[in-house]
Structure formats: C-alpha cells, structure tokens
Amino acid sequence: MSQDALSKWIKLGGYIVTAAFAGMLILGFFTGETDLLSDLYEKVGTAAEIGAIAAFALWLARLLFLQLKKRKVGFLKWAQIAYKLLREHHTLIGWAAFSGAIAHGSYFFLQTNEEWESIYSGLATLIGFAFLVTFGLILDKWAKGKKYLAYKKIHRAIAIVFGIALGVHLLIG
C-alpha cells in the first residue's frame with residue numbers, strides 16, 4: 001500500500017473516530033450510568049491515552065531521528081514512513097484523542113460516584129489537554145516566523161505538563 005493510500009485511510013479513520021467520540025459525548029449526557037456504558041467510556045479513555053502517547057512518541061522519535069542523523073546512522077524505511085505518517089496526522093490524532101478525552105471525562109464527571117481523587121485528577125488532565133489543543137491551534141493558524149518557535153516551545157511545555165497530569169491521573173484513577 002502506498003503512503004498516500006495509507007494516509008487517506010488514516011484520515012478517514014481519524015474522522016470516524018472523532019465523530020464517534022463526539023456522538024458518545026452526546027450519548028453520555030442522555031443516559032444514566034450503567035455497567036456497559038461505564039466499561040465503554042473507560043475504553044474511550046484508553047483510546048485517548050493511546051492518542052496522547054502517540055503524539056509524545058512522535059516527539060521522542062523526532063529527537064531520536066535528529067541524533068541518528070547527526071551520527072550518520074541509516075534509517076529503516078518503515079520507521080521513516082511511520083514517522084512521516086504520524087507527523088503528517090499529528091493534529092488529527094490530537095483531535096481524536098481530545099474528543100475521546102472529552103467523552104470519557106464528561107461521562108465519568110457527570111454520571112459516576114468515583115472517588116474525588118480520580119475525578120479531580122481527570123479534570124485537571126482534561127483542562128491541561130484543552131490548553132494543549134488551544135496552543136496547538138494558535139501554533140497552527142497564527143504563528144509565523146519567530147512567533148512560531150516561541151509558540152512551539154509553549155506547546156511543548158504544556159504537553160509536558162499534560163503528560164505529567166495524565167500520568168498522575170492514570171496512577172490515581
């Protein structure tokens with residue numbers, strides 16, 4: 001399968017996942033808590049975690065590739081393709097993860113009687129994710145030239161804070 005064909009499938013999958021999570025957000029508002037829905041929304045949270053981890057892995061892969069390139073180490077073709085696809089679809093992966101996090105968080109915030117540590121750590125993580133997405137949008141739409149580098153540093157710093165908050169939430173929740 002060519003990289004362009006794979007890219008189209010990734011986009012289609014990303015849009016479907018984002019739409020499904022948005023639909024689940026609406027479903028979560030109209031239904032009460034049940035064991036089935038609780039398990040489903042738990043899985044949505046796991047999918048959002050995977051998206052966040054994929055974005056973090058992209059950053060680590062970039063750092064690794066830069067170091068390997070400096071040392072003139074050859075790259076595996078599949079690793080380059082995977083990196084390029086992740087980089088190309090970073091924003092879409094972020095939106096899918098964010099929509100999953102919103103669906104997961106809103107359901108558990110509104111429908112359950114979970115322990116307060118889990119609820120507040122999740123809320124803090126969701127707020128951090130919202131800041132990350134907001135700065136990502138600013139970076140994508142308005143930052144040019146020197147502003148771009150400054151906003152990119154802010155976006156990375158917020159990503160680190162978000163990653164720490166997510167780690168705390170995963171340990172507590």
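The expected span of a helix is 1.5 Å times one less than its number of residues, and helices here are DSSP runs of H or I of at least four residues, numbered from the N terminus. The model is a predicted one, where local features need pLDDT of at least 70, side-chain atom pairs count only at pLDDT 80 or more, and totals for chains, interfaces and linings use all residues. Residues are numbered from 1 along each chain as its sequence is written, and side-chain values use heavy atoms, leaving out hydrogens and water.

**Exercise 1.** Find what span helix H2 should have, and compare it with its end C-alpha atoms.

*Solution.* Start with the residues: H2 covers 35–70, which is 36 residues.

**Exercise 2.** Decide whether Lys 72 is buried or exposed, and say where it sits.

*Solution.* First locate Lys 72: it belongs to the loop between H2 and helix H3 (77–88). Next, its backbone has a positive phi of about 55 degrees. Finally, its relative accessibility is 76%, so Lys 72 is exposed (over 50% relative accessible area; buried is under 20%, partly exposed in between, with a 1.4 Å probe and protein chains only). In H2, by contrast, the buried residues include Leu 37, Tyr 41 and Phe 65.

**Exercise 3.** Describe how H4 and H5 pack.

*Solution.* Take the axes (lines fitted to C-alpha atoms over the stretch in contact, with angles from 0 to 180 degrees between N-to-C directions). H4 (residues 90–111) and H5 (residues 116–141) pack at about 150 degrees, with axes 10 Å apart. H4 is therefore roughly antiparallel to H5 (an angle over 145 degrees).

Technical notes. Helices (H or I, at least four residues) and strands (E, at least two) are DSSP runs, numbered from the N terminus. Angles under 35 degrees count as roughly parallel, over 145 as roughly antiparallel, 65 to 115 as roughly perpendicular and the rest as oblique.
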